[in-house]
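User: I would like to learn how to read a structure such as this one, feature by feature. Could you take me through it, giving the general idea and then the case at hand?

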Amino acid sequence: MRLSQFHLNTAREAPADAEIASHKLMLRAGMIRKLAAGIYTWSPLGLRVLRKVEGVVREEMQRAGAIEMTMPCVQPRELWEESGRWEKYGPTLLKMRDRKEQEYCFGPTHEEIICDFVRSEVSSYKQLPVTFFQVQTKFRDEIRPRFGVMRAREFLMKDAYSFHLDQTSLDETYKTMFDAYSRIFTRLGLKFRAVAADSGAIGGDVSHEFQVLADSGEDAIAFSNESDYAANVELAEAMAPEMVRPEPSKELKRVDTPTQKTIAEVSAFLNVQPTECVKTVLVRGVGGVVALCLRGDHELNEVKASKLPELGGESMLASEEQILAATGAHAGFIGPVGLPADVPVIVDRAASVLVDFVCGGNQDGTHLTGANWHRDARVTRIADLRKVVAGDPSPDGRGTLSIARGIEVGHIFQNGRKYTQTMNVTVLDANGKSVTPLTGCYGIGVSRVVAAAIEQGHDERGIVWPEPMAPWRVAVCIINPKNDSKVLEAAESLYRELNERGIETVLDDRGLRPGPMFADIELIGIPHRVVVSERGLANGTFEYRGRVDTESRNLDKRELLALFG
């Protein structure tokens with residue numbers, strides 16, 4: 001490819017509304033252009049990178065035995081009502097009507113469609129297991145699309161779905177997909193971790209996220225310093241303290257805290273540590289409000305809380321009216337002592353071993369000191385309610401946890417019979433009996449991978465691509481102010497030879513001055529730059545510089561070609 005014949009439109013500055021590095025650099029490099037909120041046009045340059053990712057994904061899915069197909073983007077309401085998700089999926093589901101007033105949605109995912117396909121195409125256990133995949137555009141109507149393609153409404157996704165007669169078969173395919181995902185992200189040159197995760201809206205019991213490690217990541221990942229254990233902080237188990245709760249040594253006292261509501265304010269005012277306090281959160285339960293009690297320095301894990309049977313699958317704070325009715329006090333002054341008998345009190349493991357602690361007094365402007373479980377406050381039960389923090393013991397018993405930031409680029413699930421049961425997908429087993437198959441679901445955000453790679457690799461000059469994702473591996477740059485035909489011929493010859501050797505090379509023949517030309521090549525992240533100039537030819541050398549090198553080197557042709565194998 002010659003840049004004089006390619007569409008490359010770079011910019012020195014990014015729009016003011018671009019917040020993170022990938023969004024800024026993709027706009028400056030001309031990879032994407034905003035069409036509407038969360039909807040982007042991919043330029044020829046951006047598409048080259050997108051296709052690199054897509055190619056690796058497709059190769060590894062086929063290597064894992066998955067069969068490619070394509071399903072419609074526009075999906076009829078009837079299928080989503082069968083699965084029960086037409087209303088449950090919420091406002092992120094883009095709904096529309098055709099001229100006949102028939103209702104459809106623009107698919108955010110394709111569980112319903114693949115189940116409809118399989119129930120009409122697969123009838124015997126002899127056809128199982130089977131895995132279908134596609135690479136296709138999805139749409140989710142994010143309430144606040146941001147960060148460019150990192151959280152876009154329209155995006156390119158690889159989704160795959162497997163069907164199985166029994167759990168052993170599902171486990172085997174799940175492991176195969178786990179390994180395929182690991183190969184994909186390794187081949188793309190990304191630093192990543194596979195972490196145990198919550199299944200969220202997709203559903204299921206077993207789930208792993210693949211997280212690209214980057215400081216700008218929205219997700220927090222907990223991982224052991226002595227083992228392979230890794231989990232999303234939402235899912236990571238906070239182990240129970242090994243200590244036994246001491247006997248109470250202080251009397252229960254009510255103290256005035258006129259304006260002190262937060263743990264930080266109360267602990268400073270009373271000259272105690274946050275670790276000596278209990279915070280009480282009232283949430284809506286299936287039978288009324290529920291009190292969740294944590295140590296003062298810990299945060300409630302809403303995903304864990306939502307799984308409590310008392311909460312019925314979601315964690316929502318109680319209203320101010322509900323708090324007042326249950327405690328007689330406003331938020332900031334509530335605590336576990338003296339709560340009504342019909343309010344369950346669920347205590348986090350770390351909070352359960354506290355003695356003589358400080359808590360809200362259930363009376364505005366007051367707190368209690370010297371409070372103790374069982375003596376002063378009843379305990380319905382003890383549960384894991386909190387987010388883990390750095391230094392916590394690893395749940396696998398090996399080492400302690402560290403916390404890193406990550407960007408989710410892939411997610412795999414075991415869905416069980418969540419969709420096949422509701423959509424009446426059945427096959428005949430070896431005995432001729434009708435059975436409902438188990439399913440797995442496997443997704444990769446192809447367009448998101450591009451942004452994640454930039455978040456992981458960039459500097460003040462622009463993008464630093466992993467070589468497998470770069471639009472071209474080498475840029476041959478011509479410096480020829482005198483229009484010397486020998487310089488042009490040498491550049492053309494090198495350009496052809498590199499491409500013939502299978503080294504994807506672009507020729508920068510736009511006639512720019514060195515400064516703007518080099519700035520463009522660095523901005524778009526070409527890993528290797530080779531300069532052909534009159535001075536170099538006179539010395540029998542080419543000027544070479546790697547994208548992250550601080551200095552250039554003069555190499556003869558043999559030395560140069562040796563760099564690329």
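This is a predicted model: local features need pLDDT of at least 70, side-chain atom pairs count only at pLDDT 80 or more; totals for chains, interfaces and linings use all residues.

User: Which residue does the side chain of Arg85 meet in a salt bridge?

Analyst: A salt bridge pairs a side-chain nitrogen of Lys or Arg with a carboxyl oxygen of Asp or Glu within 4 Å. Here the partner of Arg85 is Glu112, with N and O 2.7 Å apart. Arg85 belongs to helix 4 (residues 85–88) and Glu112 to helix 5 (residues 111–121), so the pair ties together parts that are 27 residues apart in sequence. Glu112 is also buried, its relative accessible area being 0%.

User: What does the salt bridge between Glu504 and Arg48 tie together?

Analyst: To read such a pair, one looks at the elements in which the two partners lie. The side chains of Glu504 and Arg48 meet at 2.7 Å, N to O; because Glu504 lies in the loop between helix 13 and strand 27, while Arg48 lies in helix 2 (residues 44–63), the bridge ties together parts that are 456 residues apart in sequence. Glu504 counts as partly exposed at 30% relative accessibility, and Arg48 is likewise partly exposed, with a relative accessible area of 21%.

User: How far apart in helix 2 are Arg58 and Glu54?

Analyst: They are four residues apart, which means a separation of about one helical turn. The salt bridge between Arg58 and Glu54 has its closest N and O atoms 3.2 Å apart. In accessibility, Arg58 is partly exposed at 22%, whereas Glu54 is buried at 10%.

User: How should I read helix 13, and what span should its 16 residues have?

Analyst: One can compare an expected span with the distance between the end C-alpha atoms. At 1.5 Å a residue, helix 13 (residues 485–500) should span 22 Å, and its end C-alpha atoms are 22 Å apart, which agrees. Just after the helix, Gly502 takes a positive phi of about 85°.

User: Which residues of helix 13 are buried, and what do they pack against?

Analyst: The buried residues are Val487, Ala490, Ala491, Glu492, Leu494, Tyr495 and Leu498. They pack against several elements, among them strand 26 (474–479), strand 28 (528–533), helix 15 (534–539) and helix 16 (557–563).

User: Finally, what is the order of the strands in the open sheet of three strands?

Analyst: The order is 4-6-5, and the pairing is antiparallel. Strand 4 (74–76) and strand 5 (94–97) stand at the edges, each with a single partner strand, so one side of each is left without a neighbour in the sheet. Neighbouring strands are turned by 40° against each other on average, direction ignored. Strand 4 pairs with strand 6 (residues 103–106) over three bridges in the antiparallel sense, and Val74 has Phe106 in strand 6 as its bridge partner.

Definitions and conventions
Residues are numbered from 1 along each chain as its sequence is written. Side-chain values use heavy atoms; hydrogens and water are left out. Two strands pair if DSSP finds at least two bridges between them. Helices (H or I, at least four residues) and strands (E, at least two) are DSSP runs, numbered from the N terminus. Axes are lines fitted to C-alpha atoms, for helices over the stretch in contact, and angles run from 0 to 180 degrees between N-to-C directions. The expected span of a helix is 1.5 Å times one less than its number of residues. Buried means under 20% relative accessible area, exposed over 50%, partly exposed in between (1.4 Å probe, protein chains only). Contact means heavy atoms within 4.5 Å.
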